[in-house]
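This report describes side-chain interactions and packing in one protein model.

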Amino acid sequence: MKLIILAATCLLAIASTSAADTCYQDVSVDCAQASNSLALPRCNAVYGEYGRHGNVATELQAYANLHLERSYEYLLSAAYFNNYQTNRLGFSKLFKKLSDEAWEKTIDIIKHVTLRGDTMNFDQRSTMKVDRKNYTVELHELEALAKALDTQKEIAERAFYIHREATRNSQHLHDPEVAQYLEEEFIEDQSKKIRELAGHTSDLKKFITANHGQDLSLALYLFDEYLQKTA
């Protein structure tokens, strides 16, 4: 009975595909061997040489891991500013928002990796050279904003790198689907985040340096109140 079902499956698959398709070839080979199972290694969602040439596939996985790592770092900063000693609820709210956004992007990238027929490797790291020191949680307010700004620039520049790899327009490396995905889901949004954090950093600097820095405590308090309402 199993052989009859497999034979019928083979006939349907052969009838619905073209002779040039690799999936069709796998079906033909397995059916010709009259095996009890259909392996069909190339009947998957992979197309356009994705994962076979270049580093776009591995860089997407590394990009997901980057977002995941930065999400936890932002969360640590949010917890630091929310303790009873620091007591900066506005800064905590801002970093919690950044953490949640990075977490959501992590999930979205992983979904896209599997959409293209790949599997997620949480140990994958980028081939892009970066000079980044260990993350420090206990920073004062202006330093924390500066660090967040640098982090968002790092994430944006990594998207540029993957986009460049995907649009080389060579025989094996051109992948417009990945390029469009990055443009729609990351690149435009990242420019807004960078502008927002750059504005926060500049505004806080002006608050701190006003009146020759004599109103530092008041300046930090007022800016934290502002973040509570806007972040």
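Arg-116 and Asp-175 form a salt bridge, with their closest N and O atoms 3.1 Å apart; the term denotes a side-chain nitrogen of Lys or Arg within 4 Å of a carboxyl oxygen of Asp or Glu. Arg-116 lies in the loop between α4 and α5 and Asp-175 in the loop between α5 and α6, so the pair ties together parts that are 59 residues apart in sequence. Helices here are DSSP runs (H or I, at least four residues), numbered from the N terminus. Both Arg-116 and Asp-175 are buried, where buried means under 20% relative accessible area, exposed over 50%, and partly exposed in between, with a 1.4 Å probe and protein chains only.

## Basis of the values

The model is predicted: local features need pLDDT of at least 70, side-chain atom pairs count only at pLDDT 80 or more, and totals for chains, interfaces and linings use all residues. Residues are numbered from 1 along each chain as its sequence is written, and side-chain values use heavy atoms, with hydrogens and water left out.

Glu-154 and Arg-70 are both buried. These two residues also take part in a network of salt bridges that links Glu-69, Arg-70, Glu-73 and Glu-154.

A further salt bridge brings together the side chains of Lys-193 and Glu-101, at 3.3 Å from N to O. Because Lys-193 lies in helix α6 (residues 176-209) and Glu-101 in helix α4 (residues 89-115), the pair ties together parts that are 92 residues apart in sequence. Lys-193 counts as buried at 13% relative accessibility, whereas Glu-101 is partly exposed, with a relative accessible area of 21%.

## Nonpolar cores

In soluble globular proteins, nonpolar side chains tend to be buried together. A nonpolar core is a set of buried Ala, Val, Leu, Ile, Met, Phe, Trp, Tyr and Cys residues joined through side-chain atoms within 4.5 Å. The largest such core has 21 residues, and those with the most contacts inside it are Phe-91, Leu-94, Phe-95, Leu-98 and Leu-204. Two or more residues come from each of α3, α4, α5, α6 and α7 (216-230). The element that gives the most to this core is α5, with five residues.

Leu-204 touches Phe-91, Glu-141, Leu-142, Leu-145, Leu-220 and Phe-223, not counting residues up to four places away in sequence; contact means heavy atoms within 4.5 Å. Another core, of 17 residues, lies apart from the largest one and has Val-113, Met-120, Tyr-181 and Phe-186 among its members.

## Aromatic pairs and a charge over a ring

There are 10 aromatic pairs. Rings of Phe, Tyr and Trp (its six-membered ring) pair if their centres lie within 6.5 Å; planes under 30 degrees apart count as stacked, over 60 as edge-to-face and the rest as tilted. Tyr-80 and Phe-81 form an edge-to-face pair, at 5.2 Å centre to centre and 65° between the planes. Phe-81 counts as buried at 1% relative accessibility.

The ring centres of Phe-91 and Phe-223 are 6.0 Å apart and their planes are at 45°, so the pair is tilted. Phe-91 lies in helix α4 and Phe-223 in helix α7, so the pair ties together parts that are 132 residues apart in sequence. Phe-91 is buried, with a relative accessible area of 0%, and Phe-223 counts as buried at 1%. Ring pairs link Tyr-74, Tyr-80, Phe-81, Phe-91, Phe-95, Phe-207, Phe-223 and Tyr-226 into a cluster. Elsewhere, the charged end of Lys-105 sits over the ring of Phe-186, 4.9 Å from its centre; this requires NZ of Lys or CZ of Arg within 6 Å of the ring centre and within 35 degrees of the ring normal.

Helix α3 has 26 residues and reaches 37 Å from its first C-alpha to its last, close to the 38 Å expected at 1.5 Å a residue; the expected span is 1.5 Å times one less than the number of residues. Of the 26 residues in α3, 19 are buried.

Asn-82 lies in the loop between α3 and α4 and counts as partly exposed at 44% relative accessibility. Leaving aside neighbours within four places in sequence, Asn-82 is in contact with Leu-89 and Ser-92. Asn-82 and Lys-93 are 11 residues apart in sequence and 8.5 Å apart in space, C-alpha to C-alpha.
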